[in-house]
Amino acid sequence: MALDRVWVFLEVAGGKAAPAGLELLTKARELGSTVEAVVFSPEAEQAAGDAGAHGAATLYAASDPAYTEVLLGGPAADALAALVEEHKPDLILFAMTQDGRDVAGRLAAKLGVPVVANALEVAADGAVSVGSSVFGATLNVTTALEGGAPAIVIVRPKSFAAEPSGAGPAKLVPVAIPVAEKHRRARVVDRTAEVASGPKLEEAAVVVSGGRGLADPKNFELLEQLAGAIGNAAVGASRAVVDAGWVPYAMQVGQTGKTVKPTVYIACGISGAMQHTVGMKGAKAIVAINRDENAPIFKLADLGVVGDVLKIVPQLTEEIKKRKSK
Amino acid sequence: MKVVVCVKQIPDPNTTGQLDPSTHLLKREGVEVVMDPGDEYGVEAGLKLVEAAGGEVTIISMGPERGLDAVRKALAMGAAKGILVSDESLRGSDALSTARVLAATAKREGFDIVITATESTDGYTGIVPQAMAEILDVPAVTFAKSIELDGDTLKVQRQTEAGYDVVQATLPVVLSVTAGVNEPRYPSLKGIMGAKSKPLDRLTPRDLELSGVGGASAGQSITAVEPAPQRGAGEIVKDDGQGAARVADFLAERKVI
C-alpha cells in the first residue's frame, strides 16, 4: 500500500532545482499517490518546471527574500511544521546536504517525529522503511519508522536516478509564512563558491581523487593535469587533505562529503579509509595508485598499481595525451 | 562565558563496528572505545573561546559508564567540569532522544554556546545539533570551519555544498564544528593528573525531569541487518615503469579516453 502524500524538500540554486532533489522526486513517485515539493528561496517559482517534470504535482513556494539572509534551518522548520499541520504528508524526503540536515533536524525536534539519515533506499509498504549502510558500508541495515507522521528521511545524494515523468510544471502554491524575528539572530552575510572549473564532481565520467600520498598540496596540480587530459573528468579529495586545508571542502568525497558514481574513479595516494570509500564505492570501476601495497583501497580496486603516485600520474597524463593525439 | 561541549564515547573507528544479532544494538562489549575523534575539535574550540573571552567549558555526554573516559579526556585537555547522563533506559536511544537529553543537560547547566561535532563517527545521523537548537529555541550555527568571537557576536565560516558562507550570530547559539576547524591539543601529563580532581557529575533522565526518552520510545527500529555485498579485488600490479600504460589501457577499455 503506497502512501497518500509524499513531500520533497527541494533546494534551488542559481534558479535551478538541485539534482539531488529531482532524484528524490523521481523516487517519491513510487512511494506516494501525491508527490509535492516544498522550496524556500526567492527563486522558488523557477523550479516549478523541473519539479513538475520529475513528478511534483504541487510546489509550495516560500519565496520571501529573507530566506537567503538567514540560516534556513529555523525558519524553514517553522514554516514546514505549519504546512504539515495543514496538509498532513506521510513522508518528507530531504537530500543529505547542509541545509537539508539543518531543516530536517529542527523539524523532527519540533514535531517529535523520528528521523533516519544516510538513506540509500526508501520503501513504503503501509509503513516507511529505510535502507542504509553502516560501519563503512560493511553492513546493510533496514530501519522501520513507526513514530508517527510525517516520517522524515534524509537521503544520500546519488542514491536514485533523476528521471522526468513527462508531466508539465508543478502547480504553484505561494507560502506566505514570515521569517520570525528570532531567526534573524543568525544571518548569512557573505557567500563564497569554491567550485573548480570543468565538469562537476557529481557529474563527471571520471573522478581523479587525491589523498595524503600526494605529499604536498601543490601536487594536486598533477591531478588537475590528468583530469584535463582525460576530458570529462573532475578532481576530488579525501577528507584528510580537506581537513589539512590543502583543498576546499567542495572537493571532498566520502561520508561527510560528496557521493560520486563515475564510470571510473581513480584514487591517487588515498589509503581507503571507510570514511572515504562510502562516497566512491558506487563507481562502476575503481583504479587505485598507492605506494603501500597493504592499503585497504586495493581491496576495492578493479585495477591497482603499487608504485609512486607522483611518478605514475604525470606518466599517465603524457600517455593519454599521446594516445589522443594519434 | 559558559561553553558546553558535547562529547561521545564510540567504538574505535579504526575497527569495524558490529551490531548485536538479536537486539540490533551496537555491540559495546569487547570493543575498544575512544572519544569520538570528531569531538576533539569541539573541545578545542570551546577551550579556545574561553581562553580568549574568559569563562569555562563544561563537558556533557550521554552513554554508558564507560563514557566517562571521553569526559575525562576532555577534562584533561582543559575543560573545567564534566557531566555524564547515564541510565539503562537510554540504551537504544535515537537521535531525537539523544538531542532531548543533551539539550536538557545544557539548559540545566546554562550556556552561551553549546558546541557539538557535525555528526558522530559511529552513527553519522548528523541532526543532533540542529534538534538541540530547536529544543533550546536558539539558532543552530552549523558546519563551522572557522570561528571568531567578538563580544557576543559569533562569526563563522559555514561549509556549504559549493564553498562556504560567512554567518554572524548573537549568542546564545548551538555551534557545530567540522574536523579541521582547529588543531586539537593533546592532554598534558599535568592536565591528566589535574582532571582527576575536577568535578564530574552523573545524572539520569529523572534528574533532568525527562520522560519518554530512550530506547523504549525510539520511533524507529532496525528490522533487518545483512552483510553488504563487497566489491571483489581486481588486478593488482607493481609499477615497473608500465603502470601508467596499464591504467591508460584500462581507461580505454572503459571508453573514458
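Which residue of β12(B) stands opposite A:Val141? In this predicted model, the residue opposite A:Val141 is B:Val225. Residues are numbered from 1 along each chain as its sequence is written, and chains are lettered from A and ligands numbered from 1 in the order in which they are written. Because the model is predicted, local features need pLDDT of at least 70 and side-chain atom pairs count only at pLDDT 80 or more, while totals for chains, interfaces and linings use all residues.

The model scores ipTM 0.94 and pTM 0.93. For chain B the average pLDDT (the predictor's confidence in each residue, from 0 to 100) is 93, and 100% of the residues score at least 70. Chain B holds 6 helices and 13 strands, where helices (H or I, at least four residues) and strands (E, at least two) are DSSP runs numbered from the N terminus. Its C-alpha atoms fill a box of roughly 65 × 50 × 40 Å along the principal axes. Of the 257 residues in chain B, 48% are buried; a residue counts as buried if 20 or more other C-beta atoms lie within 10 Å of its own, as exposed if 12 or fewer do, and as partly exposed in between, with C-beta atoms placed from the backbone. Two residues are in contact if their C-beta atoms, placed from the backbone, lie within 7 Å. Among contacts in chain B between residues at least 6 apart in sequence, 72% join residues at least 24 apart.

The contact between the chains takes 80 residues from chain A and 67 residues from chain B. On the side of chain B that touches chain A, at least two residues each are supplied by α3 (95–109), α4 (128–136), β7 (140–150), β9 (163–170), β12 (220–227), β13 (235–238) and α6 (243–253). This side of chain B comprises 36 nonpolar, 19 polar and 12 charged residues; Ala, Val, Leu, Ile, Met, Phe, Trp, Tyr, Cys and Pro count as nonpolar, Asp, Glu, Lys and Arg as charged, and the others, Gly among them, as polar. Strand pairing also crosses between the chains: strand β9 (residues 139–145) of chain A runs antiparallel to β12(B), joined by 7 bridges. Two strands are taken to pair if DSSP finds at least two bridges between them.

Within chain B, strand β8 (residues 153–159) is largely enclosed by the rest of the structure, because 5 of its 7 residues are buried. Antiparallel pairing joins β7(B) to β8(B) through 6 bridges, with B:Ser146 partnered by B:Gln157. These two strands form a hairpin with 2 residues between them, and B:Gly151 in the turn has a positive phi of about 65°. On to β9(B), β8(B) is joined by 7 bridges, again antiparallel, and B:Val156 has B:Val167 as its bridge partner. A hairpin with 3 residues between the strands is formed by β8(B) and β9(B).

Chain A is divided into domain 1 (3–185) and domain 2 (206–325), with bounds from an automatic or database domain assignment. The centres of the two domains, taken over C-alpha atoms, are separated by 32 Å. Contact between them involves 5 residues of domain 1 and 7 residues of domain 2. The domain 1 side has 2 nonpolar, 1 polar and 2 charged residues.

An open sheet of 6 strands contains members of both chains, in the order β14(A)-β13(A)-β15(A)-β16(A)-β17(A)-β13(B), with parallel pairing. At the edges stand β14 (233–237) of chain A and β13 of chain B, each with a single partner strand, so one side of each is left without a neighbour in the sheet. The twist averages 15° from one strand to the next; angles run from 0 to 180 degrees between N-to-C directions, and axes are lines fitted to C-alpha atoms, for helices over the stretch in contact. Strand β17 (residues 303–306) of chain A pairs with β13(B) over 4 bridges, A:Val306 having B:Lys238 as its bridge partner.

Parallel pairing over 5 bridges joins strand β13 (residues 206–210) of chain A to β15(A), where A:Val208 is partnered by A:Ile266. A further 5 bridges join β15(A) to β16(A), and A:Ala267 stands opposite A:Ala288. Helix α8 (residues 309–325) of chain A lies across β15 (264–268), β16 (285–290) and β17 of chain A, at about 130° to β16(A). From chain B, α6(B) lies across β15, β16 and β17 of chain A together with β13 of chain B, at about 165° to β17(A).
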